[in-house]
Amino acid sequence: MSLRIVVTVKYVPDATGDRHFADDLTVDRDDVDGLLSELDEYAVEQALQIADEADDAEITVLTVGPEDAKDALRKALSMGADKAIHVEDDDLHGTDAIGTSLVLAKAIEKAGYDLVISGMASTDGTMGVVPALLAERLGVPQVTLLSEVSVEDGVVKGRRDGDSASEQLEASLPAVVSVTDQSGEARYPSFKGIMAAKKKPVESWDLSDLDLEAGEVGLEGAYTVVDSATQRPARTAGTIVKDEGEGGKQLAEFLAGQKFI
Amino acid sequence: MAEVLVYVDHVDGAVRKPTLELLTLARRIGEPVAVALGAGAAATAGALAEHGAVKVLTHEAAEYADYLVVPKVDALQAAYDAVSPAAVLVPSSAEGKEIAARLALRIGSGVITDAVDLEAGDEGPVATQSAFAASFTTKTRVAKGTPVITVKPNSAPVEAAPAAGSVEALDVTFSAQATGTKVTARTPRESTGRPELTEAAIVVSGGRGVNGSENFGLIESLADSLGAAVGASRAAVDAGWYPHTNQVGQTGKSVSPQLYIANGISGAIQHRAGMQTSKTIVAVNKDAEAPIFDLVDYGVVGDLFDVVPQLTEEINSRKG
Ligand SMILES: Cc1cc2nc3c(=O)[nH]c(=O)nc-3n(C[C@H](O)[C@H](O)[C@H](O)COP(=O)(O)OP(=O)(O)OC[C@H]3O[C@@H](n4cnc5c(N)ncnc54)[C@H](O)[C@@H]3O)c2cc1C
Ligand SMILES: Cc1cc2nc3c(=O)[nH]c(=O)nc-3n(C[C@H](O)[C@H](O)[C@H](O)COP(=O)(O)OP(=O)(O)OC[C@H]3O[C@@H](n4cnc5c(N)ncnc54)[C@H](O)[C@@H]3O)c2cc1C
């Protein structure tokens, strides 16, 4: 039987651009280029490797995001994923982590899955909680933050490098996995991959396709509110000296003045 | 007065510093009730009482070490049901965030991660978060349910505030999901004898400019002269010069020490994301145009192989 892999990918504003908040305190997506979150490329890569090892596998990439989020799906398809699902609805604007996990979980269930693979964190919200929330909602094992992962005979195994220990984990499928940027370099799409991606199917679903009401998601349904967002004042310009042979001593003098020595 | 649940991060009964910082923040909102799980849980009570815990709920079971995350969520939920707190605070480690999120979902609440400050407000606790590599500061609240908030290390001072800290056994029934993900082997990290990176008052980091694992000794010597932790950029980690556990930045640790010294690090946005909230920032870089200099309080344009050893020697002689 075919191994059904769903990879969740997020469309995010480019971190090297001038990211800021819109008037309603949601992420401004109009003035900064968007792209597939770099950390989700690692999830696509591991999905491709797991699919290679399996006799028969199908990779679906799934995103919840605005119209332009299709770019993220196209990138994942050009890396080699088989098909894509785009959940898009105006009422999703401003959805928080609890709401996003609801929409993703509904879509994953509708798509059908044996294995969900997510990134370790998005590069904009950076919470690192959506995979755990998906496992909770789907009622399946959470096997997260893996720097090494493999699937064999319906069992997923991996290594999680935590703060105080490195752990070997094991769980039966179906399961939710997330992988870190230590899991292995993500491939670049080949020219052939880019051409092939243009013909791969991208389905669009809205809230009604997932039996969700507008009030359950979006700014209105959010469990959290942002009261204000202020730009951090630029750090006051510091003293910069050129080393003419005494640079280390000058720095020591500064540190002593600040009572660090 | 309302009670506030504080999830305790400890190693065999030794309470880690970020948990004591949480007690300081919890006291701004109500009376801290601590939850300590796993081997050594009862031994945490002394330190927690000294810093304001009125009660310490403990539960020891093999499940906490043998299975990932879910047993801890079950226990925290049991504590939530027993106490009906005004808020739940959890240290912002990778695991802490996962525990917090799952608890929030179960109790119908919102979750806020990586707070750097917390105050009482008219409509519940107000968290301060930093966004977009710390270029923005946001004030955030949980609008539904009991706020579940994770707080980054070094976000509050540790304060002595003696309280009863009476130990009570927590009743925990594990859910069906608790044994879903088995931990089949565990290799504890070897201690370096240096302070924990996220908790350290001073962090000394090296980047691609250090040019080889053999040269990281220079960075370590400087760190040791200051009693500091050692950090590294992803370039240095990817090159295999220093362990990933020491990586500072978006996909490594986020640090907020009193002093951060960047050596041979250019200051890419993903590195800044992990260190930009440091109080004092110092850099040594041979390129006067390196973006790291935009952040510094003091910078030396020069070769780190000259500057760092001289600095270390000067510090050691001043101490000596
Ligand atoms: C600066 C900032 C701070 C925020 N703080 C909070 C907060 O404290 N509480 C809160 O509830 N919300 C918060 N949000 C909103 C939250 O980021 C979004 O709701 C988001 O969709 C989920 O969180 P994340 O992006 O941090 O995901 P993470 O949990 O970091 O993402 C992990 C993985 O989940 C998958 N994933 C996440 N989002 C999507 C998606 N839309 N489509 C497909 N896959 C996805 C990806 O595989 C990703 O790698 C914040 C947003 C920003 C920009
Ligand atoms: C999704 C994503 C996540 C990332 N996460 C992280 C992260 O967590 N942490 C992180 O650090 N990076 C991260 N990066 C990588 C980041 O973009 C940079 O590539 C990285 O920080 C560069 O490391 P560096 O400053 O050491 O190297 P470089 O940018 O190559 O800079 C080296 C610096 O050393 C200086 N130098 C060289 N020789 C000497 C000398 N002898 N004396 C003094 N100075 C010298 C040079 O002038 C230069 O400024 C991430 C990137 C992506 C895309």
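Hi everyone, let's start with the ligand: ligand 1 sits between chains A and B. What we have here is a predicted model, where local features need pLDDT of at least 70, side-chain atom pairs count only at pLDDT 80 or more, and totals for chains, interfaces and linings use all residues. Residues are numbered from 1 along each chain as its sequence is written, chains are lettered from A and ligands numbered from 1 in the order written, and side-chain values use heavy atoms, with hydrogens and water left out.

Which residues come nearest to ligand 1? Of the 31 around it, they are Thr8(A), Lys10(A), Asp40(A), Ser122(A) and Gly128(A), where "around" means having a heavy atom within 4 Å.

Now the polar contacts, meaning pairs of N or O atoms within 3.5 Å. A side-chain N or O atom of Lys10(A) is 2.5 Å from an oxygen atom of ligand 1. For a polar side-chain atom of Thr100(A), the distance to a ligand oxygen is 3.0 Å, and for a backbone N or O atom of Gly119(A), 3.1 Å. On its own, ligand 1 exposes 920 Å², and the protein buries 92% of that (Shrake-Rupley areas, 1.4 Å probe).

Let's move to the backbone of chain A. Leu173(A) and Pro174(A) are joined by a cis peptide bond, with omega near 0°. Leu25(A) is not a glycine, yet has a positive phi of about 65°. Lys259(A), also not a glycine, has a positive phi of about 65° too. Leu25(A) counts as partly exposed because its relative accessibility is 22%, whereas Lys259(A), at 71%, counts as exposed (buried is under 20%, exposed over 50%, partly exposed in between; 1.4 Å probe, protein chains only).

Conventions:
Polar contact = N/O pair within 3.5 Å; in protein donor to acceptor, adjacent residues only side chain to side chain.
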